[in-house]
Structures are given as C-alpha cells and as structure tokens.
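Thanks for coming. I have one structure to go through today, and I will keep it short. Please have a look at it first.

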Amino acid sequence: MSTEQNIPPVEEDLTFANFGFAEPILRAILEQGYTKPTPIQAQAMPHVMQGRDVMGAAQTGTGKTAAFVLPILQNILPLASSSASPARHPIRALVLTPTRELADQVADNAFKYAKYTDIRTAVVFGGVDMSAQTALLRSGVELLIATPGRLLDHITQKTANLSQVQFLILDEADRMLDMGFLPDLQRIISLIPAQRQTLLFSATFSPEIKKLAQSYLRDPVTIEVARQNAAADTVQQIIHMVPSEQKKDAVIKVLNARIQKGLSRQAIVFTNSRIGCSKLASALERGGIKAGAIHGDKSQIERMQILESFKSGKMDVLVATDVAARGLDIADMPCVINHELPFNAEDYVHRIGRTGRAGAQGDAIALVDPSEERLLADIEKLMNRKLVRMPVPDPAGGAGADPFFYMPYRAKDPQEASKDVSTSSAAVAAKPGNPSIKPATKSVGALLGAFAKKP
Ligand code: AMP
C-alpha cells in the first residue's frame, strides 16, 4: 500500500545532522552552504535511507537532486572501498536522466556530495567520444549517472555491468517513461536485479505515467512537495498576445525594456524548432543582444560550450529548444521567454521552471499568436489558473507601450507593487558585472561526459 504525503513546512530546527549522515557526507553538505534541508529533502531522505521506494513529485529547483543523491551515498558508503581493484567498485547505484545536460548537472552535484568519501562517481552520455568513458568504467564506478542510449552502448561493449546495481533512480521520470525512452529503459531495467530500491523523481506526473511507474516500484511512498503541475510561486507569469511574424521584434523589445528597467540582461528563450532556434539567436545578435542557440542539431561539445558561456555571463541570452527545458539549474535565472508555447502543456511547466529556482524571483513571459490559443488553454487548465495578458513593453514608447510594465505583473496595491519591483530588481542587479550567474565550475575539457572522482 502506498502512503500519500503532503509536505508540511520543514521544522525550524531540522538540520542535515538529524538524518544520521556520515561525517564525510555532512562535511560536503556544509561545504555547499546548505544549512537546512528543503521540503522534498526533509520528506524523501528518511524513506530513501530506510530502503523504501519513492515516487517524488517536486517542483524544479527544490533540491530534488540532493534529495536522492545524499541518502544513496549514505546507503552505499559502507560498501565503499579504497582498493584500486575494479572488481571492488561495481556499479551499485544508477541514475538515469533524459538529457545529457541534466546528466552532467546531476553528476556535478554528485561529485561535490561524494568528494570526501571513497565512492567513485562518473557520468556517461552520448554525443561525445566513448573512450574516456570506457576507461573510467573499466577502472570501477559505484555511482553512475547516465543517459539511456549511451549506457546501452557501454552495455553492448561490455564496459558497463548492471548486475550489482542496488539503487535505480529515474530523474525527470515522466520523460523517461514516455514512449520515446521506454524501450531503452525496459532493456536497462531488465539487466538490473529485481531486488533493488527504485526512486522516481519528476516535477510532473501524468495519471498514465503514474500508473506505469507503479509497475517499477514496490510499495512506494509517494511524496508531493507542491500541487502537481504547478510552477513555483516565485515565478511571475505573463502572456503577450503577439502575431508570429512580430515575435522576434517582441523578444528584443522585452529584453531591452527589462534592461531599461535595470533588470538583468540574462534570459532563456525557448523555441519549438531547431531552425527557429538558430534563426532567433541570429536575429537577437543582429539586434545587439549577445545570444547563442542550443538545440539537437548542435554537437554536444558546442552545446556545452554555449551553455558554459551563458552560465559564466559571457552571453546574455540562451535560445534553446526543449533540450534545455528540463533539469537545468542556472542560479537565479531571472527570466524565461517562450517564443512559442510548447505543444505539450507539461513542457511549459518545465520551461518556466528554469526561473524562480531556490526561492529567487523570476519572470516567465510567453509570446502567443492567436493560433496558439488552444495550447494556452491547455496550459491554463493544467496549472488551474488564468494567466495575465499584457501588452508587450516597448522601450521606445510605441503604441501599446506600458511604462509600468513590471508593476501590474504583481497585481497588488501600488505601494506593495513598487516595493516588489524594487526588491526583485535589486535581487538581480545587486551583484555587478555578472549579476545572477554562478561561475563556471568546469572547463569544457572536463565536460566530456566521462569525468569522475578518484579514477
Ligand atoms: P535541484 O532542484 O536539485 O536542481 O536543486 C536546485 C538548487 O538548490 C541547486 O543549485 C542546489 O545546489 C540547491 N540546493 C539543494 N539543496 C539545498 C539546500 N538544502 N539548501 C540550499 N540550497 C540547496
């Protein structure tokens, strides 16, 4: 029987030490500056440590990576070995993610959390050379983060063996369980012992996926941090009704208007097609905005270089298809613009989840052509709220311009609204130079999908 849990606020005095983490893990947590578990962590971690299967629905940016990585590290710690023999380092925990970028990001966190333990961590994903990954897998890895296709390549080459996996984690599980991934996933799962602990995490779970997920889980605890399919409360959502042919200009107007308001230049703009993505990035460049495009036609190295440029603040606007919609954690990303609405309403939740993360304020702006009204209605139905329609802000003060375009976003009394505006502007403009972006932590050379701790 499954237990439904609605998450209460985290107790005031709850700390990571209360969970019984071993000293090397606690030290790494403290080094990250985490003083208090987030709600999903507070609820999920005890169950994971007790060996229960978990189905966790958590908003993006709520700390769900640590919610599964930390207790898994604690669980495999007694088996960690300082021996150099690869046989002493079988894959014990496998994290599968739908995108390479998300695999990279989860691995980035896992390395930090495992750094004071003997647990070896590695990440493998496609689009990059296999040889470095092969060498690492041969030398032995306990915690492996992977995308399904590349993992199957390693399995075929006999460089990955899943026969000793005890922990299976599906991140962004709804995408992992949808039709495109399901065959690969089923093959991988058939190679993992049935006697295992399985954790499923995602921001959204459709009823069909919930049903399918049950077949992989044993007596799971279901944890929902927030109402399902909701965006974080820290995200202000605005709709601008704009005919398709005027959308490029509208993006430039919105970005320039934000700059004039003293807000950060940084934004992610989502498009539905790869061609549209490249074209829009070029148009922004022509409009004087430093922009780069990432989509599935770019090589993995290019994708990662552009992402790093964006994260380090060398580039102001990242134009992306849904390769970037899920899981990417870019600290305090102030603004997401949907150049088109996605065809799937749940993808909208994921896209706008790139902003308003970890309690920061964010704006999610969608440009909607009248032909997209049906998609908009689907989104409003999913989120169970009507989104605010506003004219496009025009820095030149043209027709339809709204000089106070930020204030009505909050729909409060004028005093409150202006207080909010100044707070959110200050929040993004406070750090000069590169206000809201965490510094790049790795060189592109390290981004080859094979790096590991203690190889
Ligand atoms: P995630 O939802 O896993 O992508 O995490 C979002 C962000 O929250 C990441 O930058 C984490 O480093 C950060 N984070 C995770 N747990 C905590 C915590 N307990 N306290 C503060 N920040 C955290």
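Predicted model: local features only at pLDDT ≥ 70, side-chain atom pairs only at ≥ 80, totals over all residues.

I start with a strand pairing: four bridges join strand 13 to strand 14, residues 362-368, and the two strands run parallel.

Are the faces of strand 13 covered or open? Both are covered. Cys 335 and Ile 337 are buried on one side, and Val 336 and Asn 338 are buried on the other.

Next, helix 12, residues 300-311. Buried residues in helix 12 include Arg 303, Met 304, Ile 306, Leu 307 and Phe 310. Gln 300, Glu 308 and Lys 311 are buried there too. What covers the buried residues of helix 12? Strand 10 again, along with helix 4, strand 11 and strand 12, are among the elements that do. Just after helix 12 comes Gly 313, with a positive phi of about 90°.

Last, Glu 23, which lies in helix 1, residues 23-31. Glu 23 counts as partly exposed because its relative accessibility is 48%, and the cut-off for exposed is over 50%. Glu 23 and Tyr 116 are 93 residues apart in sequence, yet their C-alpha atoms are 8.8 Å apart in space.

That is what I have.

Key:
Residues numbered from 1 in each chain as written. Heavy atoms only, no water. Buried < 20%, exposed > 50% of the residue type's maximum accessible area, 1.4 Å probe, protein only. Pairing = 2+ DSSP bridges. Contact = heavy atoms within 4.5 Å.
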